[in-house]
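Let's take a friendly walk through this structure, beginning with a pair of helices and ending with some aromatic rings.

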Amino acid sequence: MELRDILSRLYPLTGKSLEHLIAIADELDVRRNTIIIKSGVIERYIYFVKNGIVRAFFNADGREVTFWIGEEGSVALSMESYINNRCGYETIVTLEDCTLYRIDSKALNHLYETDIHIANWGRKLAEREILRAERCLMPLLFTTGAKRYAQLLKSNPGLLNRIHLEHLASYLGVTPVSLSRIRSTLRNSK
């Protein structure tokens, strides 16, 4: 997905503002298993996934807990760094070879101060990320692992072939053994 499309999908921009944003972006080819955002540091960049897949996780009691998976068109950032310029809690790693667009936060903040359209785009970016986080959290609180898996099958079946089962289990909030049981039960019920 091209950067122009990703940026415009977040919030429509005028031609000049869109060109200013594109001008501060770099395109990077990144190998699988590369950490692009590391916990415990103030992240300087915001990433947009052109192609490939990334996952965000944090460490809890010595294990990685996946809380987000991003595909083409997704935004990968540390909200704590983006909003508060403080160290983030998440690590974001590539699960496939990826092509990413990267925007420096300082350059972006300068555009926020000089272009109201880009400032509005940045507000929409933050709003969408907050809603995305809420949509990830609510099912964990109010539905079963089996229902979350069934919903993922319905909404994004291609994702299942692109990530390891242990990452998928963590994302769904279940153990790998429970995920195997859920998958077996669904296969046998057909």
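Start with helix H1 (residues 3-10) and helix H2 (residues 15-23), whose axes come within 11 Å and cross at roughly 125 degrees. Helices here are DSSP runs of H or I with at least four residues, numbered from the N terminus. That angle makes H1 oblique to H2, since angles under 35 degrees count as roughly parallel, over 145 as roughly antiparallel, 65 to 115 as roughly perpendicular and the rest as oblique. Where do H1 and H2 meet? Leu3, Arg4, Leu7 and Ser8 of H1 are in contact with Leu18, Glu19, Leu21 and Ile22 of H2, with contact meaning heavy atoms within 4.5 Å.

This is a predicted model, in which local features need pLDDT of at least 70 and side-chain atom pairs count only at 80 or more, while totals for chains, interfaces and linings use all residues. Residues are numbered from 1 along each chain as its sequence is written, and side-chain values use heavy atoms, leaving out hydrogens and water.

Now look for the rings: the structure holds 4 aromatic pairs. Rings of Phe, Tyr and Trp (its six-membered ring) pair if their centres lie within 6.5 Å; planes under 30 degrees apart count as stacked, over 60 as edge-to-face and the rest as tilted. One of the pairs joins Tyr45 and Tyr47, tilted at 55 degrees between the planes and 6.3 Å centre to centre. Tyr45 and Tyr47 are both buried (under 20% relative accessible area; exposed is over 50%, partly exposed in between, with a 1.4 Å probe and protein chains only).

Phe58 and Phe67 also make a tilted pair, because their planes stand at 40 degrees, with centres 6.0 Å apart. Phe58 is partly exposed, at 29% relative accessible area, and Phe67 is partly exposed at 23%. Together with Tyr89, Phe58 and Phe67 form one aromatic cluster.

Notes: Axes are lines fitted to C-alpha atoms, for helices over the stretch in contact, and angles run from 0 to 180 degrees between N-to-C directions. Helices (H or I, at least four residues) and strands (E, at least two) are DSSP runs, numbered from the N terminus.
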